[in-house]
Amino acid sequence: MSHWIEPHPTGIYVRPADAWIDPSVPRERALVTHGHADHARGGHGRAWATRETLAIMALRYGTAAGAAVGYGEDFRLGGVSIRYVPAGHVLGSAQIVLEHAGERVVVTGDYKRRADPTCLPFEPVPCDIFVTEATFALPVFRHPDTGSEIDRLLGALHANPDRCVLVGAYALGKAQRLIAGLRARGHHDAIYIHGALERMCALYGSFGVELGELRLATGLPAKAMRGAIVVAPPSALNDRWSRRLPDPITAMASGWMRIRQRARQRNVELPLVISDHADWDELTGTIREVAPNETWITHGRDEALAHWCMTHQMRARALALVGREDEDEG
Amino acid sequence: MRSFSQLLDGLVYTRSRNGKLALIADYMRGTPDPDRGWALAALTGNLDLKAVKASAIGDMIRARVDPMLFEMSRDYVGDLAETVALLWPKGEETDDGSLTLSTVVERLHGLSRAEAPAALAAMMDHLDAPGRFALLKLATGGLRVGISARLARTGFARAFSLDVDDVEQLWHVLQPPYTPLFHWAEGRAERPDPGGMPFFRPFMLAHPLEAESIDLNAYAAEWKWDGIRVQIVGTGRETRLYSRAGDDITGSFPDIARAFSGDAVLDGELLVKGDYQGGEAASFNALQQRLGRKAVSAKMMNDYPAFVRLYDLLLEGRDDLRPLPWTVRRDRLETFMAQLDPERFDISALIEAPGFDALADLRAGTRDAAIEGVMLKKRDSPYVAGRKAALWYKWKRDPLTADCVMMYAQRGHGKRSSYYSDYTFGCWTEEGELLPVGKAYSGFTDEELKWLDRFVRTNTVNRFGPVREVEKSLVLEVAFDSIHDSKRHKSGLAMRFPRIARIRRDKPASEADTVEGLRRLVS
Ligand SMILES: [Zn+2]
Ligand SMILES: [Zn+2]
């Protein structure tokens, strides 16, 4: 059976629009859900994405021919009517809603349902085919309340005035959400950042996301950062870069931190379960809410989510897209 | 349960020993009786509830969660208790505070295997995920948070500014939840009286000898044996063996415990002998065969029969000999030997040397694998706990050394986790190949570590997960106490206590030692 939407290992092909959604190789026409590297690549002929996502892509891959799409605006490509709807994942992230031949398909990209001060909240859209992610699709993944995780971070900071707390956070999205979350929790001290976060934080600022006073951690004496929070990409946690810091308590903000072994593997002393992806309850709850005829699962723990759909009398299929899921993102 | 589960989480994630001690001390100070006593019992491995089997926990969760999803989750998480703790279906993810650690322990204690699952499930509903994890670990009898009993007792001692050796003395006579111990620690009660019980006494330890020479009229010399230092505590009715850390190791050496029925406390070295070793004390490698085994088979006892080489007599009946001079204790020990089975006990002989230089020659000349060096004991020294200046000295044999080539490096732990600080090194075979002969992660200065780390990073030729293979160009002079045959290593050799003595930047790798050369050092 050939459908007008075709999953391929390198992305989802929308035949009547002759366009690919989140293709992992350069394509002439690409519809991009958000700026993470496993969804947005450089080198496309023309990319349709939100203004924010295009800015992020420009920062990462240099300028590319882009068509800015506003949230909620309808546009047509071939015989397909297309609309971008907030996904709540990171700044600029969108679900792509496609309508053709009386059928509606929603492609979520990555998404979450928790409040996030740095992006618009997920908007559920009832549909016929729901194409979802499944990063945390196991019932062991239940993310706790974000505010209480941030309070644990602040607790550790205040209990150790001579040390610093070094938090590993993904450079796009997690780092800014964490910083904004700290501000919302009343922490207004300067926050030190790794050089790799600088431009992305500035980009968030240019879109009106308030991050407060940020200082570059590079080139500072250790004692300047005593009692402070330092945010760095996860890869810098156990590397030479962290040697300059004053006896850091190593923390990491990620949904993976729910699993002890994951935290220990990374030598994390303070695991913070803060995720930009939907947890098990959010994934299954969202499927119930949009009530599709069929659920397609792009990446993650697809077997478990497909099993859940089946046992709840819903049709599901795993697409096994390649090159998705960056371990550091989460 | 909340503070206990937080303590466990903290211990799992905290890397430094001091950090762990601080967590334990804070908990012990801030938690009421008898909760803290049960926690101390759990941390020291003295709380063996074993209320349910792992299979019963699997059944519990399968009744509540789709079995397929449970299996997938377990494959992903690995640990059963953790999987179930995370999966447990519950509306509010909070600990409602209704369960204290003592309530949990009491309930689990009285349960039959049949009623355990229902009771456990009822408790699970009141806890959050870390609390459920702690509960399941307690209920299945394996806490395993990666700390030793000694560390837990040190944390307890630190909480109340006590001497940990003093705590060790009392430890084995008290039962969980140790309320009299806490009351004494807080100065609210008298010191518990351990009279009549086979309890541990802290060992007397030696300083390394640094002086050039020592007067043998003032110091007696005996061999330092390479086994496990052991204390035999007999009350006449019961005998226990304690390791240097104060752990009860009677279970690993029932043959020794059975052979002793006296009312005395002795200090000695546990060794094994085997016929294949000519009936003499065998090397430490042979002893390892018996270490750490909970149950010892008859074959094991037969193949590696243990005996104790006695150093000292601390108590005989009611007589505490510890304040007496070493010469008097030595006389009493020689007399005491008469009542012991010579198959199981002998006395550590004194070394007769006319002078210090002659002793140095004897020390240099010995090739006995079971000899680690020489002990020098002040003839008038009392037996005192710990390391006291100028009473006992250990004078280890000079280490052996070999020039080896660095082959692989791995990141260290804790403070060292950003450095490549664990090195695997090799020597040349006749065919001109490098064969790994050992691994070392100490011996270098901080400066040298920085240099080695840089060397590894700039000379990496391959990566296998956390391991980097390096250019085979750097010679390390490795020092080690002894080297033995080993079936576990491809080179057929195993070094004891290898450490990096020097970095030989001056030496080309081709001039490093050969495996054959190393084999000649085997003792
Ligand atoms: Zn993403
Ligand atoms: Zn993704």
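What spacing do the donors of the zinc ion (ligand 2) follow along the chain? I read it off as D-H-x70-D.

I noted first that this is a predicted model, where local features need pLDDT of at least 70, side-chain atom pairs count only at pLDDT 80 or more, and totals for chains, interfaces and linings use all residues. Residues are numbered from 1 along each chain as its sequence is written, chains are lettered from A and ligands numbered from 1 in the order in which they are written, and side-chain values use heavy atoms, with hydrogens and water left out.

**Zinc site.** I looked up the protein donors (N, O and S atoms within 2.8 Å of the metal, or 3.2 Å for Na, K and Ca; water is not among the atoms, so sites may look incomplete). For ligand 2 they are Asp38(A) (OD), His39(A) (NE2) and Asp110(A) (OD), at 2.2 to 2.6 Å. I found the zinc ion (ligand 1) 3.7 Å from the zinc ion (ligand 2), with Asp110(A) coordinating both. I then checked burial (under 20% relative accessible area is buried, over 50% exposed, partly exposed in between; 1.4 Å probe, protein chains only). His39(A) counts as buried because its relative accessibility is 1%, and Asp110(A) counts as buried at 0%.

**Interface of chain B and chain A.** I found 26 residues of chain B in contact with 28 residues of chain A, contact being heavy atoms within 4.5 Å. The rule finds 5 salt bridges across this interface, each a side-chain nitrogen of Lys or Arg within 4 Å of a carboxyl oxygen of Asp or Glu. I looked up a salt bridge between Arg243(A) and Asp453(B), 2.8 Å from N to O.
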